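This briefing covers a pocket, a pair of packed helices and some annotated spans. Look at the structure below, then read the points under each topic.

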Amino acid sequence: MSAITDFFQKIQNQIVEIQTTINQIKTSWENFQKFWDLFFTLVPWEVLLLLIFSVILLSIFNSISPSTPKANLTVSVVFLSALWLYFWGLFAKEVSYSKVIIASLYILVPLHAIGMGQWLYGIGKKVYWKKRRIAPKQWDAALHQVSLDYHEFMGKAHGYHNVIQENRDSIQKEIERLEQSLQGIKGLLLQKKSVETENKDTNG
């Protein structure tokens with residue numbers, strides 16, 4: 001009797017396991033559907049389609065010019081967008097240019113956002129250091145900057161001793177930085193001189 005009970009208990013346990021597995025699969029499928037519903041709510045399906053064909057075309061362009069993948073992808077997206085508009089115009093009376101442009105921007109903006117950020121950061125860094133060299137606020141900082149720029153210039157000048165002409169642009173940049181630092185010290189000297197003159201005029 002106990003053997004029969006154990007047998008039916010095993011069958012019942014297996015049925016429960018099967019039901020649990022089915023419920024897990026059902027839950028996973030529902031979550032999968034929710035994810036893609038949310039994804040296509042945020043990203044139009046045209047973007048995914050354009051991206052797939054762009055990647056296919058990118059592989060062709062990369063075989064021709066492997067050193068420029070970002071430019072190759074940009075050309076792929078622009079080329080396919082133009083084809084999209086062309087064939088759309090052939091088979092439809094009205095063409096939604098905005099839809100094609102938006103789909104292209106979904107790919108192109110993230111593609112170039114990092115490069116644009118790096119470019120803006122580089123410009124900001126150059127402006128900051130140029131301002132710091134030309135218009136220092138403290139004498140010690142100005143002297144320290146001149147010392148850094150001088151040693152940087154001398155290091156490159158000695159390093160390029162036998163190939164000066166080939167590296168003259170790099171040396172010229174170091175000279176310009178050093179000149180800017182010296183200009184900052186001159187500016188501080190003029191400021192102090194003007195302050196002393198004003199004090200003399202006031203006391204006199």
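The lining of the largest pocket divides into 7 charged, 3 polar and 2 nonpolar residues. The model is a predicted one. The largest pocket has a volume of about 370 Å³.

**The largest pocket**

- H4 gives the largest share of the lining, 6 residues.
- Among the lining residues are Lys125, Lys126, Lys130, Arg133, Lys173, Glu176 and Arg177.
- The lining also includes Gly122, Gln145 and Gln180, together with Trp129 and Leu148.

**Helices H3 and H4**

- Two packed helices are described by the angle between their axes and the distance between the axes.
- For helix H3 (residues 69-91) and H4, the angle is about 180 degrees and the axes are 10 Å apart.
- Angles over 145 degrees count as roughly antiparallel, and H3 and H4 are therefore roughly antiparallel to each other.
- On the H3 side, the contact is made by Lys70, Leu73, Thr74, Val77, Ser81, Trp84, Leu85 and Trp88.
- On the H4 side, the residues are Tyr97, Lys99, Val100, Ala103, Ser104, Ile107, Leu108, Leu111, His112 and Gly115.
- The residues of this contact divide into 11 nonpolar, 5 polar and 2 charged.

**Spans annotated in UniProt**

- An unreviewed UniProt entry gives the annotation "transmembrane region" to residues 38-61, 73-91 and 103-123.
- In the model, residues 73-91 are 100% helix and 0% strand, with end C-alpha atoms 27 Å apart.
- Residues 103-123 are 100% helix and 0% strand, and the end C-alpha atoms of this span lie 30 Å apart.
- The feature "coiled-coil region" is placed by UniProt (unreviewed entry) at residues 161-188.
- Residues 161-188 are 75% helix and 0% strand, and their end C-alpha atoms lie 34 Å apart.

Terms used: Residues are numbered from 1 along each chain as its sequence is written. This is a predicted model: local features need pLDDT of at least 70, side-chain atom pairs count only at pLDDT 80 or more; totals for chains, interfaces and linings use all residues. Side-chain values use heavy atoms; hydrogens and water are left out. On a 1 Å grid over the protein atoms alone, a cavity is a set of points where a 1.4 Å probe fits but cannot get out, and a pocket is an open set with protein on both sides within 12 Å along at least five of seven lines; lining residues have an atom within 4 Å of a point. Grid points are joined across faces, edges and corners, and a volume is the space filled by probe spheres set on the points. Helices (H or I, at least four residues) and strands (E, at least two) are DSSP runs, numbered from the N terminus. Ala, Val, Leu, Ile, Met, Phe, Trp, Tyr, Cys and Pro count as nonpolar, Asp, Glu, Lys and Arg as charged, and the others, Gly among them, as polar. Axes are lines fitted to C-alpha atoms, for helices over the stretch in contact, and angles run from 0 to 180 degrees between N-to-C directions. Angles under 35 degrees count as roughly parallel, over 145 as roughly antiparallel, 65 to 115 as roughly perpendicular and the rest as oblique. Contact means heavy atoms within 4.5 Å. UniProt positions are given in the numbering used here, feature names are shortened, and annotations may be inferred rather than shown by experiment.
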